[in-house]
Every structure is written in C-alpha cells, then in structure tokens.
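Please keep the sequence and the model in view while reading.

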Amino acid sequence: MIFLGRYLKIIKIILLCHLLLLTGCYLRYSYEDLNPKNINQTDLNKPTAPTLLEDGIWSNSTNQTPNLTFINGTDSGSGIARHEVKIIDHTNTDLDVTNFATFESNNTVTGLTLINGVNYRFAVRAVDNAGNYSTESVSDGWTVDTAAPTTPGSVTVGTVPTVYKQQTPTFTFTDSTDALSGLAFYQIEIRKTSDNSVVKSYVTATGDGSGLVYNEGSDLLTGGESYYAKIRAVDNAGNTGVAVQTGSWVALTCPTNFIAVPAKPPYSSMPFCVSKFEMKLQYNGSIVADGNFTNAHDYDGDYETPIERAKYVTVSDPSGQPWTYISRGENGITGQGAIEACQNMGIGFDLISNSQWQTIAQDAELTPSNWTSGVVGTEMMYRGHSDNSSISLSVTNINDGYDQTGNNAGQAWGSGKEQRRTLTLSNGEIIWDFAGNVWEWVKEYNTTNFGSSSYISQITDTNHAITGTVGPLTGTTKYLFGPSGTYTGLGASQYGGLGNGFVFFNAGGIFRGGGGNYDISSGVFYVNLSFGSAYLTPGSGFRCVFQPAPTQPGVITVGTLPTLFKQATPTFTFTDSVDSRGQDISYKIEIHRASDDLLIKSFTTVTGSGASGINYSEGADFLSGGESYYVNIKAINTSLEEGPIRRSPNWTALQCPTNFIAVPAKSPYTTLPFCVAKFEMKLKYNGSIVADGNNTGALNYDTDYEAPAERAKYVAVSDPSGQPWTNITRGENGAATGQGAIEACQNMGAGYDLISNAQWQTIAQDAELTPSNWTSGAVGTEMMYRGHSDNSSILLSVSNVNEGYDQTGNNAGQAWGSGKEQRRTLTMSNGEVIWDMAGNVWEWVKDNNTTNFGSSSYISQITDANHAVTGTVGSLTGTTKYLFGPSGTYTGLGATQYGGLGYGYINFNAGAVLRGGVWHYATYSGVFGVLLGGDPTSLNYAVGFRCAFQ
C-alpha cells in the first residue's frame, strides 16, 4: 500500500503537467517526498540507554542536585529526540521525587526540597523521534549532607619549626567528627597577634589532629613576630565547621649577625641561634682590630674592677680578627672568660655548648654543598682557613667564602679549594670559620680520656669504645665529637676534611674546629681535650649562641613534706625564670630517686610559679616512705622553648613505723604531717603481747622502785592483737618520779612520744570533715561513728583489721543510733584508717591542763558563746571548742545522739587530759570526747594511750 500510494502520486503529477500543457514543468521529488515527516512511520526499536558517568557522591544542598554527566543514548531508526531525567529517593524505597522531564547533560536540577541524610539517585532515559523510550539508567546516587563537622578540640602548639618563617608549628588536637560524609581536610588561617590582621586566609593544611601544619614554601612570617592560627574542618560534602583558635607562638628571631640553626636530636631538641662570625672584642666602644692577639687586654684577670670589665663587649661582626687570649671562663664563680663574655650580652646568650656544636657540624656534614665534590661523603668537607698562609682573619667580603685566603673554588681539593671559610646549613643559613681560623671554646667540661688520638674520620665506636659524659650527652668519642655518617674510607692525605681528634686527654677544657695553622688537623669536627679551661693563647677564640628560651629557675627551696607524702612532692619555691622575648612561662618537673638517680617521673608540666610554689601530685602512691628524692625543674614558654634545668635539694618522703599511719597536717594544730599508732597501744611484756592489756593491774609499770632491767621488759606496740594497755599512768615526761604512757612511747625510740592534744585535734577534725565517717555519708548529718561504746563487752582487741565492726556485734545495716554507729574505724582524708579513736578505752594525751572551762556538756552543743572561758593546753590557747571541739558547728544535732561527737567533762582541772570515751559511755563517747577530771598519776582499767611519731 505504501508503494502504491507513492506510485499514484507520481502518475498524478505527470498527467497534470500534460493536460495543462505547462512549459517548464518537470518532475521534482526527493527522499522527503518519499518519506515526509508528517507521515507517522512505524519505528518500534527502543533507543539505547544513556551511559551515566558522574552524579557526585555528596551534596551540601537541599535545593539542587550535583552535576550530572552521561553519554547520550543512540537510535538507528528515527533518531534521538531528547533525554529525560527524574530524581528518586533511594533511601525510602525509590520513591519519585520528580517526574521525568527533559534534561540537558552536564547540568543540575534546581528548585528542589531534599532531605538531609537521604540518598538520591538520577534515573535517565533517551526518547527517539518515534516516541520510543530507552531503558532507564539509574545512577549510584549521592547523599545530602548539610551538617558541618564539629569544632576541633583544644589545640596544643608544638615547637617553633626549623623553617620558622615559612611554616607554622605543628598543631595537635582532638579531631573533628562528621556523621555523614566524613572529614575531608582541615583549613588553617594565620593571624598576627598584635593586630589580628590576616597573614594567610583559610587554606588547606597538611595532616590532622595528630599533627597539622601549614608550609608556605617561602617566607610568610616575620622573625620575632607573634602569631596564632584558626583551624576548621571541611567535610566531603564541602561543609565548613566552626574554627578553633590556637595559642600563639613567636617566629624565631636571631640577633644581628646570628643565624638560625635547625634542631637535631639527640644533640638539640629546639632550634637556636649562633653567631655567624667568630666573636670579636669591642673594647670601650670600638672593635679591636687584632682581636687581642697581642694580649694587651686582660679580660680574665680577677683583679679588674667591674667598671673595667664592663668595657669588654663581645660582638658577632665580620670586621676585626677573632677575640683571642681569653679563657673559657668559670661561669660566674671565679675568673672571667668566654662564658661570661657571651652571658653578658643579655638574657638567652651563652657560650656555644658541645651539643650545639655537634648540631651545627652534623647539619653541615649532611648538606652536599659543604663537600668539595658537591656530594656528601666524597672528596672532603671545606675546612676553612687552615693552611698557615696568614694568622687569624677578619671578614672583608661576606659574599666571598675564600675572603683573604688567597684560594678559590677553581683549585683542586686538598690544594686550596678546601680553604673555603663558609659552610651552608640545611636551612640556607651561612656560617663563617666554623672550621679553621682559630680554635673555639665550648662551654662544657670533659673528664674522660677517650684513648688514642686519631683523625675524626677514622674513629668508630669499635676502635674508640670508651664512653664519657660531656654536658647532657653520654657516649663514645664518635657520638660526642664525630659525624653522623661513617667515612673511614676517606683516609690518605685529607681524611675527609673532618679534622683531628686529640682525645687522649682529660684536662677539662674543650676546643673545637681547629686553627689557621693546623692544616689537615683542622675541620668542623676537630676536637682538642688537652687544655684546661683557664688556658690562654693567641690561637683560641669563641662563639656565642642565643636560645630564645626562658632562663634557669633560681635556687630551689624545698617546702614541708606534703600530706599525701607518697603521692605528692613538697612545694618548691624559687626565683622565677624570665623569657627573653617576654612570653608567658610555665614549669616542668622531673623526679629522681636520690640513691641511684633512677627516673621516677618524666618531665611533666605543673601549675604555679616559683614565687607561689609548684609541686607535683600523682593521685596515687608513686613514692616510697623513707626514700630520698630530688626534682629537676625547667621553664617552658608559649613557643614550647625550654630553658636550662635547676636541681632541687633532696627530700625524704615520710616513713611511718609498722602499724602507724600518716596524718595530714592541719593548721593551727599542726604544721607538719606526722605518724600515729593505727591501734591503741598494746603491752608487750618480756617479749609477748599481754592478752588482757594489764586489765587486772598485775603488771605495775608505774612504780618507781622497779629496776631499769625490769622496766625494759615493758614495750609499747601498735598491734591489732591483745586488749589495750591499761592501768598505766600518763607519766611525768622524764621527771625523776613516775613511769607512764609518756615514757612507754618515748622508749620506743627517737621521734616517738605520747600523742599531744594538738595532734588529737588534727586527727579528729580531719575525720570530722571526711564524709565516710558519718553514718549518713554526709558531713554534719545523722552522726559520726563513735566506736565500741554500747557496753556490749569490755575493751576489745582487733581480730579482723578489714572489718570495722569487729567484735562489736553490730553492722552497717542497723539504724544509726541503734548499732550502726558502733563502727570502730575512722578514715582520714588521705585514705589511712585508724582504730578506736572513739570508744573502747579513754586515751591519755601528753599535755597538762589547769583550766576549769565551765559546765560540762555534749561537744556538739559547745560554742564559743556559751563556753567563752579560755585556757592553755600544750601549745594551744583558746576556748573549749578550739581546744577540744570540731571545726564545724553542729548545735542542731541534739536529741539522743548529739552528732556522735562525744561529751566534754570540762568542769575540772585535775591536770591531765583524756580523749575519746570508753566502751560503756554510750553517747558520751566520741572522737571529740574529753575528760579533764583525771590526775596524771591515776591508774584505771578503762584508760589506755596512743603514741605518735614525728
């Protein structure tokens, strides 16, 4: 039919032309004539599906999609008319978010209302000109994340870096979190502290919370300027979190003609500055041209006045020959030398140390340009002016490393090329005459003969195995004075240019670097140990360093032993350190055992200052009673630069005898901690504990007629077994008559005595303020435990030291006032436990009393107002409450138990003082109970005692 239709049309056109006799008529048709668009063709083939390339993974927008890209579908029939796309909610069972709509590739869909946390997908299809739809291609989708990451945790600012002008310190912090897309990276913004101006806008930094740093690659910061940074997290969806601000740091700045030196563990942990030139002598305002080569200026003479010495100033300057004829110095004790010359430049200046020399020398060793070959370890290192062509040199042209040597880089190595006077450090800084020209003092002593002298390149740990200590370093010759690499193959004529090691000496002083006339013996690692520190020569000079760090703390004073003597150091006071750049200072403390220098606690930052005092507390036992310790203290500034260490005098941690406990001091009663018997004292007679504690009075310790040999059989012990030693007088404290509790305690040895009333008050008030000693668990409510006091039995021993109700027949499950209060133990604030300070037996205290304090009363009801009479008991003068009562006010604890504090029998002045109550006194017993009605010479089966040890 289709063919016939076309045929008829053609015939019709031909016939019409003939009938009308039209001239110029011709047949014109084309493909379109045969297949016109307005004829609906039959195209039943689907186009191929589009190929999806990318639709993102995360998006931080709820109103538009990520960019969608795909390869168009194809159609061999009617051709592709368009592409259509819709969005589906994959998280919620692929619900349609939009209907299919025409879509251009490389585009986004906008005007949406998407939901955070939901995964969305594109469905894309092709449509051909016949209206056929391809199979839908579904993307792997993206998830909406509009939540920003959390703020980074508190930031610790690390040490000032070597490339201090190009790079921030390393920052450590608790990482941010992001629940959906996760963290992508951190950005950092750098600001100047002085005016908050932005130095670097937010830029991606390297690392994470374990160590984040930004490096510009070129100078960004200014030496000596203070900066801080802001750090924020960015997640994978592009959300930016809130920034945290770091502490400030100061970019390292070096004084004029000093250069920065990168740190190099183990020799130096911090960067420092070193003089670019050997030090010159400025005398009375002018640089001495010959550097004191003729010894015209005797800086070292002790007879010089301070005014004369002040005329000598050392400077790092190219002009003038190096300052020679100067001793090493004695660091402020006797003599004046290089140490004092450097230190007199100001805070932070000092003579270069051997550790710092090694830092510079090994840095130079590993920098290729310091070898004549340009390759580390081949040919030799430049060893400076060392060929004796002239005496020590100044610097007239700082741009020519061969200045005044008469040599140049075009010569052969070993024949002049090696005479270059400059070395380049890894950070690009240049230092002059670190080898050759003159020997240079370093600050430390040496007392070790390391064995045969040798060229440094030939020294190994095997052929020079002797170890010694120079300053903070302990090790072999190679470790203390040699290179980091091994260059034993560089022998023959030049030995690698490293210099000679004159190490077969222990004269005290140390020279480094070699001299102008030392030829192959000179070199950056040259060392000479053959001269004392007072040596003077025209061939020896020195070099200063500047460490922008705090000064050494002043001389340390050790305070009193702390309450928690096993958990805390004493308090140390000293003159505070000073920071050379005015930064804030904190302190670190390190603890050593004195007997063997064993490190107990590594350096830890503590709070406080030298003026107010610092200490270290662990929170658990880490010291041993009776052991001697010392601390090292150093200051640290906000740039984490650490100053020199100061050692404290030794102190001894408190040692309590067996079955004695430590008691915290409590002003005004006691100023020092002390030890007290954990148990009421027991009688050991003739080597055995008396089970009934002399309850029957069978053993009469108190009679004057007993011979010394008989009295020696009576020994007081703090022990759980046996009943308390009773039927003993208080004693006369060494007088010619009487033997009692005082003598029984003192006979235990030096430091022992009968407990004083002040010590009793210390223990009682400490216990009062410890919540676990109240039946309620809260200070001031219900009542304090008052021990065995209900007359259920007579005085008790202790058969189970782990059971506070031992032998009482009571327990913690009973009601307070009906048995619970009978617990025999009290716990001190330092965790120590004491038995029977309330109840069981009355206990003598050492002091006399001659005052009648008025009406007797329960202790909780006594106040300064209703008992205003004052008296003196031992070292204390005050009212009844002050001498015998609690620190708090508990007048509201009346009724039946009166707070469990006990009773005050104070309407007496019989001379002696008894404390604590007794087994049958019920509410009258208590830790603050007091009885003033006893004579010091009286005997009673209900009265015992307790010893203290100071």
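## Thr879 and its surroundings

A polar contact of 2.7 Å links the side chain of Thr879 to the side chain of Asp864; the term stands for a pair of N or O atoms within 3.5 Å, where within protein one must be able to donate a hydrogen and the other to accept it, and where residues adjacent in sequence count only if both atoms are side-chain atoms. This is a predicted model, in which local features need pLDDT of at least 70 and side-chain atom pairs count only at pLDDT 80 or more, while totals for chains, interfaces and linings use all residues. Residues are numbered from 1 along each chain as its sequence is written, and side-chain values use heavy atoms, with hydrogens and water left out.

Thr879 belongs to strand E54, which covers residues 876-879; helices (H or I, at least four residues) and strands (E, at least two) are DSSP runs, numbered from the N terminus. With a relative accessible area of 12%, Thr879 is buried, given that buried means under 20% relative accessible area, exposed over 50% and partly exposed in between, for a 1.4 Å probe and protein chains only. When neighbours within four places in sequence are set aside, Thr879 is in contact with Asp864, His867, Ala868, Val869 and Thr870, contact meaning heavy atoms within 4.5 Å.

## Gln861 in its loop

Gln861 is located in the loop between strand E52 (857-858) and strand E53 (870-873), and its relative accessible area of 23% makes it partly exposed. The side chain of Gln861 takes part in a polar contact of 2.9 Å with the side chain of Ser860, and it also reaches the backbone oxygen of Thr891 at 3.3 Å.

Neighbours within four places in sequence aside, the contacts of Gln861 are Asn866, Tyr890, Thr891, Leu893, Gly894 and Tyr898.

## A four-stranded open sheet

Four strands form an open sheet in the order E43-E44-E59-E48, and their pairing is antiparallel; two strands are taken to pair if DSSP finds at least two bridges between them. Strand E43 (660-663) and strand E48 (752-754) each have a single partner strand and stand at the edges, so one side of each is left without a neighbour in the sheet. On average, and with direction ignored, neighbouring strands of this sheet are turned by 35° against each other, where axes are lines fitted to C-alpha atoms, for helices over the stretch in contact, and angles run from 0 to 180 degrees between N-to-C directions.

The antiparallel pairing of E48 with strand E59 (residues 947-949) extends over 3 bridges, and Leu754 stands opposite Cys947 in E59. Helix H9 (residues 757-768) lies across E43, strand E44 (674-677), E48 and E59, and runs at about 85° to E44.

## Cis peptide bonds and positive phi values

The peptide bond from Ser667 to Pro668 is cis, with omega near 5°, and Pro668 is placed in the loop between E43 and E44. A cis peptide bond also joins Pro265 and Pro266, with omega about 5°; Pro266 lies in the loop between strand E19 (258-261) and strand E20 (272-275).

Asn196, although not a glycine, has a positive phi of about 60°; it is found in the loop between strand E12 (183-192) and strand E13 (198-204), where its 41% relative accessibility counts as partly exposed. Asn686, likewise a residue other than glycine, has a positive phi near 55° and sits in the loop between strand E45 (681-685) and strand E46 (688-689), and with a relative accessible area of 55% it is exposed.

## Overall dimensions

The protein contains 10 helices and 59 strands, and buried residues make up 51% of its 950 residues. Its radius of gyration is 46 Å, whereas a compact globule of 950 residues would have a value near 30 Å; the radius is taken over C-alpha atoms, and the globule rule is 2.2 Å times the number of residues to the power 0.38. Along the principal axes, the C-alpha atoms fill a box of roughly 175 × 95 × 50 Å.

Of the contacts between residues at least 6 apart in sequence, 69% join residues at least 24 apart. The protein exposes about 39200 Å², of which carbon and sulfur atoms supply 51%; accessible areas come from the Shrake-Rupley method with a 1.4 Å probe, and for residues only the protein chains shown count as cover.
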